[in-house]
Each structure stands twice: as C-alpha cells, then as structure tokens.
Amino acid sequence: MTSGLLARRGGALVVFGAAALAPLVVRDTFFLDALVLILMWGAASAAWNVASGYAGQVSLGHSAFFGIGAYSAALLSARFDRSPWVGLVLGVLLSLAAGAVIGYLSNRLRGPYFALSTIAFSQVLLIVASRWRGFTAGSEGIPVPFRPGFWTLGLGHVAWLYLTLALAVLFYAVEVYLERSRVGFQLAGVREDEDAAEALGIASRRLKVAAVTASAALTAVCGALWAQYVGFVDPFYVFSVDLSIRFALNTIIGGTGTALGPWLGSILITSLETYLRATFSGVKTGFTGIYLIIYGAVLILVVRFLPEGLAGLAARWRTAAARARA
Amino acid sequence: MLRLDRVTKRFGGLTAVREVTLEVAPGELLGIIGPNGAGKTTLFNVIAGFYRPDEGRVFFDGHDVTGRSPHAICRLGLTRTFQIVKPFGNLSVLDNVTIGSLTRVTSVRSARVDAERVIETCGLAPYAGVRARALPVGLRKRLEVARALATRPRLLLLDEVMAGLNPAELMGMVDLIRRLHAEGLTLVVIEHIMAAMMRLARRIVVLHHGELIATGAPAEVAADRRVIDAYLGEEFVLAQA
C-alpha cells in the first residue's frame, strides 16, 4: 500500500520536492524566475486540465479566465490601491460567473463547437480590454505597482517560488481529489460517455457546468498572481489564443487527465521557452517565431509516440518495472 | 410498476411510436419484439427519459416521469442498457461498475465493494482490472448489464443484450436474466432472438411500425396471424411445427 502510494505520487514528490529545495542550492534569479514560471504555468495548465482533461470539455479560450484574474488584480491594485489579494478574490468571483455561463453553453455545444465558443469568448474580452481605454488603459496595458510586502504581493524571487509552489501543491491536490472521489468517478463517466453516465443516474449537465466553473476560477487565481509577479498586464497577451494553447499544450504533452502531467509539460515547454528567449532575443529577430515551430514539432512527436503524455511514459515504466520484479 | 398511457413519439414526418399503452406489473418479465425500425429502442428512450414523448404519459411507481431527465429516472429505480453498448472505454471493468454503484452509495470504498459483488454476479470477476474497450463484445454486453445493476434498479430495461452472442454466451445471459428475475427484479427485455425470448418471457408485446399489434403469452403471440405477417414469417411457423 505504502509502496503503491509512493509509486503513484513519487513523481509529484520529486518535482515539488526539488522545487522546494532549489533555493537552498541556487540563488541565481534567472533560474529562480524560470522555476516560478514553470510552477505557475503548470498550475494554470492544471486548472485547464480540470475542465478539459477530467471533464472532457476541451477549451481553447481559457486565457479569458486568466485575463479576468490578471485584470482584476492589476486594476484593483493600480487604480483603487487595493491589495492584489482582494483583486484575486474579485477575479475568482468574476470567473465563477463567466465559467458558469460558458459551462452552461457547453450543454448544447459538444466537441469542437465548445472549443470554438470559448475562443470567441476570450476574443470578446480581448476587444473589451483593449478598447475600453478610460478604465483598462486599452492596448497600452497596465503597469502593476510594486509595493514590497506579502499583503501587496511585492515579493522576492524566493518568496514567489514558495508561493507558486504552494499554489501548485494545492492544484495538484484538487486533481488527485478528482481522480479518487465520487465526483471524480462520475466526471470520468461523463467524459467517457455522457449518455451512459446519464442512464446510470449521473446529472451530467450539472457536473460539466461545475467542472468548467471550477476550472475557470482556478485559472483566474493564476492570472491574478501572474499579473503581480510580472508587474505588467498586456491585453494582447493575457487574452490571447496563444496563452490558451499554452495551457492545452503543457497538459497534452505532460498527460491529459493526469494530476502531475501539467507540470511535466510545463517543465519541458517553459524551460524550452526560457532557453529560446535567452538565445534568440534581440540578436536575430528573424527567429522570434521559431518557438512556434518547435512547439508544433514537440506536440506532433508527443501525440504520435506518447499519446498519454510524459505521465503515460512514467506509467509505462512503472508497469515494466513491476513486471520485471514479478 | 410501469405504465405507458398512449405514448407517441414523432421524428419529423415519421411516427416512431404511435399511441402505445402498456402496463408492466411488479416482478414481471415482459418481452418486446418486432422488426427492425419498429420503434422498440425509441420506446426505451421515451421510458428512460432520453426522448420526451410528443403525446401521452409515462408513469413509474406512481410518479409521472414524462419528460424527466434520465438521471432522475434512474435514481427513482429505473435503469436501461444500450443496444449499442456504451462502456466507459478507458476505465477498468471495476471502475465502470463502481460509477454505477456511486449513484446509490456516496463513499467510493463501499461503492467498490458493491461493484465487486455485482461483477461476481455477472461473471465478470476475472476481468475486473481489464480496460472496458479491450473486452470482446459478449463481455461488453455483460458489463452493460452489470453497470446498470449497480444502480440498484427495481425495473431494468434490457435492449438486445443477447444480440451478437455465441451460443455459450447466450446461455449465460439467459441464465443471468432468469436469476435476476427470480430475485424479484422487474424486467422489460427487447430481443430479436425468438428462441431465447420464448424461454424467458411470460408475456410478449409486438411492435410494428410503432404500434402495438399484439400482446400475450409467447405461444399466443407466435401463432398470431399479424405477428407472423409482420415479423416472424412463415418459416418460423413451420419450424415451430
């Protein structure tokens, strides 16, 4: 039992444990920054995973919720002088409402149509945020003031690392809950076959709305923290389809519908991105789009050879090891 | 236990089920037969809440369930299986059945215990850990029944659970249905295999072009002129003789 638990959760222990110990060894801000981003993008992808992986409601517009969180925190802090924590709560509330509406739409729309409607939603928010100059500062974006302290989220790199690590562990726990709980089993049923789930007494529509709503709220938390960490909110970034695709990409590469997958994907993609940015920035502007080619290639390779993602690879090794022992 | 009152379901200009009135008594095992496209599965879809009838009402256990959602009807104690089986393909057999149990039991642990018992009853114990999509068709049909049973129905609708089975599997399924019936479960069974139906049901109703054209004991129905013309054919009569 204990060894089984270790085998199943060992990966998480390694990943999160290494992140926790990293500051004891490395003090380099470049490295710590990459680590914070890995954990944060992993958490945002885990939030996406709740709707798209566990409930099977594949969204390509989750940047909408990320942006809602980012703008809530940034506006409250920049315009109203409120703590970004208050902004975070506001962002979560707004995303709950938006998620419920989008989730409700998903009752009528299945498959690609749901994904398309989520893209449309994020693009509507992009237009609103970039045109409503008086309030959002439009396409210029909003600089988020840096005020040192925990309440104002003006933190150093090490503090940010532990904050995002706590976020990551929390989201990971949410996913583990979705694998082991009653609602998780029922969600799996809805994902696999909605009619069958319904025939077996599962209120499939309500469950899907709940999953999308929860997923939206978790994404907003990431958006709010990200705005504070980066210190600048640009509508064309936070509401972009690129960002939505990043959530999906991390999760698909790491393992859709697996608890650790989002972070495994994020480790690969975020470090790749950090490396590429450091290598190609400024000097060779012709190469700025190269990351798209590399992401595309990685995605094709994973879908072709590792359809269950990096987490699936780990599971395969485990089975092989168990067989070798038997 | 189940009562249909002049139930009609249309798809555009096609009337799939026309004014069907039917009653199923507690503890009964009712058979429904009829040619392809007669409206048998549509009737199941109306009863189980997947389609809302255009006219008429459906009563289950004294409740008017017309137009209620399938999950609400299942929770009242009426569960159906699907003719084209719908296993949760990526989940194990045990997980499939556990999801059914969780409709009655809140704790995952006791739902598992429950599911293991149902799997045992249905003869699926050796396959508990197998992914549902890896099962051959005969076992998928069993899984379909097991999952439905796990929701602890008082009335079970079986939609062609014997189609596509080999003779040994067929015997097993007939045996399983008999056992369930003997334990007091009320069943409505759609089936094409007349031989199996004759052995199972005390009463059979015949659907043709969406209408109930005959009802009675298997032997009566088999001798009914309209049923022979519409469905069984002369060969069946000769084979019986």
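Predicted model: local features only at pLDDT ≥ 70, side-chain atom pairs only at ≥ 80, totals over all residues.

User: What makes chain A as compact as a globular protein of its length?

Analyst: The comparison rests on the radius of gyration, which is 20 Å for chain A, while the globule rule gives 20 Å for 326 residues; the two values are close, so chain A is as compact as a globular protein of that length. The C-alpha trace of chain A spans about 60 × 50 × 40 Å along its principal axes. Of the 326 residues, 47% count as buried. Among contacts in chain A between residues at least 6 apart in sequence, 76% join residues at least 24 apart. The secondary structure of the chain comes to 15 helices and two strands.

User: How do you know that the length of helix α7 of chain A agrees with its number of residues?

Analyst: Helix α7 covers residues 157–180 of chain A, and at 1.5 Å a residue its 24 residues should span 34 Å.

User: Which parts of chain A supply the side that touches chain B?

Analyst: The contact takes 18 residues from chain A and 23 residues from chain B. On the side of chain A, α8 (182–192) and α9 (194–199) each supply at least two residues, and α8(A) gives the most, with six residues. By type, the residues on this side divide into seven nonpolar, five polar and six charged.

User: Why are β6 and β10 of chain B said to stand at the edges of their sheet?

Analyst: The sheet is open and has six strands in the order β6-β7-β8-β3-β9-β10, with mixed pairing. Strands β6 (78–80) and β10 (211–216) of chain B each have a single partner strand, so one side of each is left without a neighbour in the sheet. Neighbouring strands are turned by 15° against each other on average, direction ignored.

User: What makes β8 of chain B largely enclosed by the rest of the structure?

Analyst: A residue counts as buried when 20 or more other C-beta atoms lie within 10 Å of its own. Five of the five residues of β8(B) are buried, so the strand is largely enclosed. Both faces are covered, with B:T186, B:V188 and B:I190 on one side and B:L187 and B:V189 on the other.

User: How do you know that β8(B) pairs with β3 and β7 of chain B?

Analyst: Two strands pair if there are at least two bridges between them. Four bridges join β3 (residues 29–33) to β8 (residues 186–190), and these strands run parallel. In that pairing B:L30 stands opposite B:V188, and B:I32 stands opposite B:I190. Five bridges join β7(B) to β8(B), which also run parallel; there B:L157 has B:V188 as its bridge partner. Both counts meet the criterion of at least two, so both pairings stand.

User: Which helices of chain B lie across or pack on this sheet?

Analyst: Helix α1 (residues 40–47) of chain B lies across β3, β6, β7 (155–159), β8 and β9 (203–208), running at about 150° to β7(B). Helix α9 (residues 225–232) of chain B packs on the sheet and touches β3, β9 and β10; its direction makes about 125° with that of β10(B).

User: Why is B:E160 called buried, whereas B:E19 is called partly exposed?

Analyst: B:E160 has 20 C-beta neighbours inside 10 Å, and 20 or more is the condition for a buried residue, so B:E160 counts as buried. B:E160 is found in the loop between β7 and α6 (167–182) of chain B, and B:E19 is in strand β2 (residues 14–24) of chain B. Not counting residues up to four places away in sequence, B:E19 touches B:R6 and B:T8.

User: What makes the phi values of B:E19 and B:E160 worth noting?

Analyst: Most residues other than glycine have a negative phi. Phi of B:E19 is near 45°, a positive value in a residue other than glycine. B:E160 has a positive phi of about 50° although it is not a glycine.

Note on methods:
Residues numbered from 1 in each chain as written. Chains lettered and ligands numbered in written order. Contact = placed C-beta atoms within 7 Å. Nonpolar A, V, L, I, M, F, W, Y, C, P; charged D, E, K, R; others polar. Expected span 1.5 Å × (residues − 1). Axes fitted to C-alpha atoms, helices over the stretch in contact; angles between N-to-C directions. Rg over C-alpha atoms; globule rule 2.2 N^0.38 Å. Buried ≥ 20, exposed ≤ 12 C-beta atoms within 10 Å, placed from the backbone.
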